[in-house]
Amino acid sequence: MQWVKVLGGVVGAAAVLGLGIIVGHFAIPKGADSPAPSASASQDLDMKILETLMEQLDANRIRENLRELSKEPHLATSPRDEALVQLLLQRWQDPESGLDSAGTTEYEVLLSFPNGEQPNRVDVVNSTGAILFSCRHSEENVTGEQGDPNVVPPYAAYAPPGTPQGPLVYANQGSEEDFKELQRKEVKLQDSIALTRYGGVGRGAKAVNAAKYGVAGVLVYTDPKDINDGKSLPNETFPHSWCLPPSGVERGSYFEYFGDPLTPYLPARPYSFRLNSDNASGFPPIPIQPIGFEDAQVLLCQVNVSVHNRLELRNSSNVLGIIRGAVEPDRYVLYGNHRDSWVHGAVDPSTGTAVLLELSRVLGTLLKKGTWRPRRSIVFASWGAEEFGLIGSTEFTEEFFSKLQERAVAYINVDISVFANATLRVQGTPPIQSVVFSAAKQISAPGSSGLSIYDNWIRYYNRSSPVYGLVPSLGTLGAGSDYAPFIHFLGISSMDIAYTYDRSKTSARIYPTYHTAFDTFDYVDKFLDPGFSSHQAVARTAGNVLLRLSDSLFLPLNVSDYSETLRSFLQAAENLSVLLEQHNISLGPLVTAVEKFEGAATSFNQRIATLQEGTPNPLQVRMINDQLMLLERTFLSSQAFPEERYYSHVLWAPRTGSVATFPGLSNAYSQAENTGHDRPTAWDEVQRQLSIVVAALEGAAATLRPVADL
C-alpha cells in the first residue's frame with residue numbers, strides 16, 4: 001500500500017505544525033477548556049464500552065498490520081522508516097477511525113552505521129597477513145528476504161572504527177569476572193581479540209571490560225546453547241523451526257546510556273548545546289563486531305578485525321496521536337511502542353506496532369461515532385530510533401519534562417507484544433499490579449484451556465504474596481525498552497506488556513531470531529503465533545488497562561502494593577545489620593520510614609473507600625488522583641546516583657551489589673565491604689545512601705496523607 005503517496009506533503013506540513021503544540025497544550029482545541037457538553041464530572045469506567053473494545057479487537061487485522069509493517073527493513077531514519085511515519089499519520093488522521101489529532105516531532109540525533117564502501121570484516125590471517133578464513137559479511141539468504149538490498153550488514157552500533165589484530169582468546173560472556181579468571185590463569189590478554197557470547201552483561205559492557213585488560217578488539221556471537229537449546233544444524237533451524245540459523249547475527253546498540261549521545265538531559269532540538277562526538281561518553285572504547293555462531297566455531301590463530309562504522313547526525317521522528325479527555329484533558333495516559341527495527345523487525349517491534357494500530361483503530365472508531373470519549377487524555381506514541389538507545393522516547397521526556405511530571409498518569413509500553421504464545425508477561429511498578437490483574441481476569445486466554453489470561457498466567461509464573469496468596473509474578477523494569485526514561489527519569493508509573501514462552505520448555509534468553517535478518521513475518525506467522533490469538537490477547541489486555549486508567553473515576557493504582565516491595569527490601573537490609581552496626585549505622589530510621597509508609601497507604605486506601613461509598617465532589621476526586629499519580633515521583637532523588645545518567649528512582653536503579661535491597665544501599669554496602677574496614681569514607685557512603693532512602697520513604701508517606709496535613 002502506497003502510504004506515502006496517499007498523504008503527500010500537505011499532511012506532512014500540517015503534522016509538523018500540529019505537533020509543535022501537541023504536548024504543550026495537548027491538542028486541546030479553542031473553547032475546550034471546559035469538559036465536553038455530554039461529559040459529567042462523575043464520569044466513570046463504562047463496562048459496556050470496555051466489552052465493546054474487547055470484542056472489536058481483530059486478530060486478522062493485527063496479522064495484516066504486521067504483514068505491512070514488516071515487509072521491508074526499516075532501520076531508524078531509513079526511507080522505509082519514514083514511510084511508516086506516514087502510515088501512522090494516515091491511520092490516526094482517518095475520518096472514520098482516526099484520533100483527535102496526530103503529528104510528528106523530529107530530533108536531530110547521532111546514530112551509527114556501517115560504511116557501505118568499506119564493509120566491516122573479521123579475518124583469520126597467518127604471520128604474513130595472508131587471509132586464511134573470512135567471516136560472513138551477511139546472513140545466508142534462506143527465505144529470500146535476507147537478500148533484500150536494504151538489509152543492514154551485521155554491526156555493533158557506536159563501535160569505534162579500527163583494525164585490531166591479535167591472537168584469539170575466548171572470554172565467555174565478557175564480564176569483568178571472566179577477564180579476571182583469564183588473568184588468573186595467566187592467559188595473555190594484552191593486544192588480543194576476545195571472542196565473547198551474548199548474555200551475562202550488556203553489549204557495551206563487554207568492550208568496556210575487555211579494554212581494562214588490554215584487549216584490542218572484541219567479537220560477539222550468539223551461542224546456540226543460549227538461544228536454540230543447543231540446536232545448530234541448518235535442518236534444525238529457521239525456516240524449519242523457530243531456532244536461529246547458523247549464520248544469524250544479533251545486531252544492536254553498544255552505547256552505554258540511553259537518549260541522544262550528544263545532548264544528555266537536553267532534547268536534540270536545534271537550540272540545544274551538543275557535545276563534540278570525540279568528547280561524548282558511553283561509546284565502546286575498542287572496536288567490536290558481532291558474528292554468527294557458524295563463524296565463531298571455526299575461528300583460530302590470528303584474527304584481524306576491521307570496523308569502519310561511522311557516526312552520522314540524522315533526523316528521527318516520533319509520531320503522536322491524541323484522544324482528548326472529556327473531564328480531565330490535562331491528565332495523560334500514555335501508550336507507546338517504538339517503530340524502528342534492525343532489519344524487517346517482524347517481532348521487534350512490529351508485533352507491538354501491529355497491536356498499537358489495531359487498538360487505536362477501535363478506539364478511534366468509537367470516538368468518531370460519538371459513542372465514547374475518555375475521561376482523561378490518551379496519548380499514543382510511535383517512538384523513533386529506539387534500537388540505538390531509546391532515543392525517541394528519551395528526547396520526548398527531556399523536551400517535555402515538566403509537563404509530563406506534572407500531568408502524566410501512567411505509561412503503558414508494548415514493544416514486542418508476542419515473544420511466543422504460552423502466557424502473559426508483565427513488568428511494572430507495584431501500583432499497576434491491581435489494574436493489570438483486573439484486566440487479565442476479564443479476558444479469556446488463547447487456546448482451549450477455558451482459563452482467563454490471569455489464571456493461565458499463574459500456571460507459568462507465580463509468587464506467594466503475604467497479602468493476596470498465590471498471584472502472577474510481576475517483573476521489574478530495567479532499561480530494555482522505552483519505559484526506561486518514564487520510570488527512571490520522570491518517576492511515572494509504568495508497565496511493559498507482552499505474551500511470552502514457557503521457560504520450562506526452552507532456555508532461550510529471548511526469541512532466537514532477535515535482531516537478525518530472520519525476524520520476518522513468516523517467522524511470526526508459522527512459529528510464534530499462528531492465528532495471531534496471542535496478539536489479540538495482548539491487545540485486549542493492554543486496551544483493557546488503558547481504558548481503566550483513562551476512564552475510571554479514581555485511578556486504579558494501589559499504593560499499598562508498594563508495601564510488599566519495601567518490606568522485602570527492608571528484610572534484605574536487616575541481614576546486613578551486624579556489619580552496619582559495627583560502623584555505627586542504624587537501620588532504625590529505615591524501619592520507621594517503612595512503617596510510616598505502610599500506615600499512610602492503609603489510611604489512604606480507607607479514605608478512597610469512604611469516598612466511593614458516597615458522592616465525592618470533583619475536587620475530592622482530583623486531590624486523591626493527584627496523590628496516586630504523584631506517589632511514584634516521590635521516589636526520585638537527584639542525589640542518589642550522580643554517576644548514573646537518567647537513573648534517579650531509589651527503588652529501581654541498577655543494582656551492582658549482591659544484596660536484594662534498595663539499590664543505592666546495596667551498591668554502597670558491597671563497595672564498602674570489598675574495600676575493607678579501614679575505609680571510613682566508603683561506610684560514609686552507605687550512611688548517605690541509607691539517608692536518601694529514608695528521606696524518599698518519608699516523602700512518599702507524606703504524599704499519601706490528607707492534603708490539608710503539611
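Residues are numbered from 1 along each chain as its sequence is written. In this predicted model, local features need pLDDT of at least 70 and side-chain atom pairs count only at pLDDT 80 or more, while totals for chains, interfaces and linings use all residues; side-chain values use heavy atoms, without hydrogens and water.

**The cores.** Select Y335, L363, F380, F388, L590 and F635, which touch the most other members of the largest nonpolar core, a set of 191 residues. A nonpolar core is a set of buried Ala, Val, Leu, Ile, Met, Phe, Trp, Tyr and Cys residues joined through side-chain atoms within 4.5 Å; buried means under 20% relative accessible area, exposed over 50%, and partly exposed in between (1.4 Å probe, protein chains only). Next, show helix α22 (residues 680–704), which gives the most to this core, with twelve residues. Helices (H or I, at least four residues) and strands (E, at least two) are DSSP runs numbered from the N terminus. Another core, of 18 residues, lies apart from the largest one and includes A171, L182, A194 and V218.

**A helix pair.** Select helix α3 (residues 59–69) and helix α4 (residues 79–92), whose axes come within 11 Å and cross at roughly 150°. Axes are lines fitted to C-alpha atoms, for helices over the stretch in contact, with angles from 0 to 180 degrees between N-to-C directions. N65, E68 and L69 of α3 make the contact (heavy atoms within 4.5 Å) with R80, L84, L87 and R91 of α4.

**Salt bridges.** The whole structure has 33 salt bridges, each a side-chain nitrogen of Lys or Arg within 4 Å of a carboxyl oxygen of Asp or Glu. Select E250 and R203, whose closest N and O atoms are 3.6 Å apart. E250 is buried at 3% relative accessibility, and R203 is buried at 18%.

Move to D626 and R331, a salt bridge of 3.1 Å, N to O. D626 lies in helix α20 (residues 618–630) and R331 in strand β12 (residues 328–338), so the pair ties together parts 295 residues apart in sequence. D626 is partly exposed at 21%, whereas R331 is buried at 8%. Finally, select E328, D330, R331, R375, R376, R622 and D626, which are linked in a network of salt bridges.
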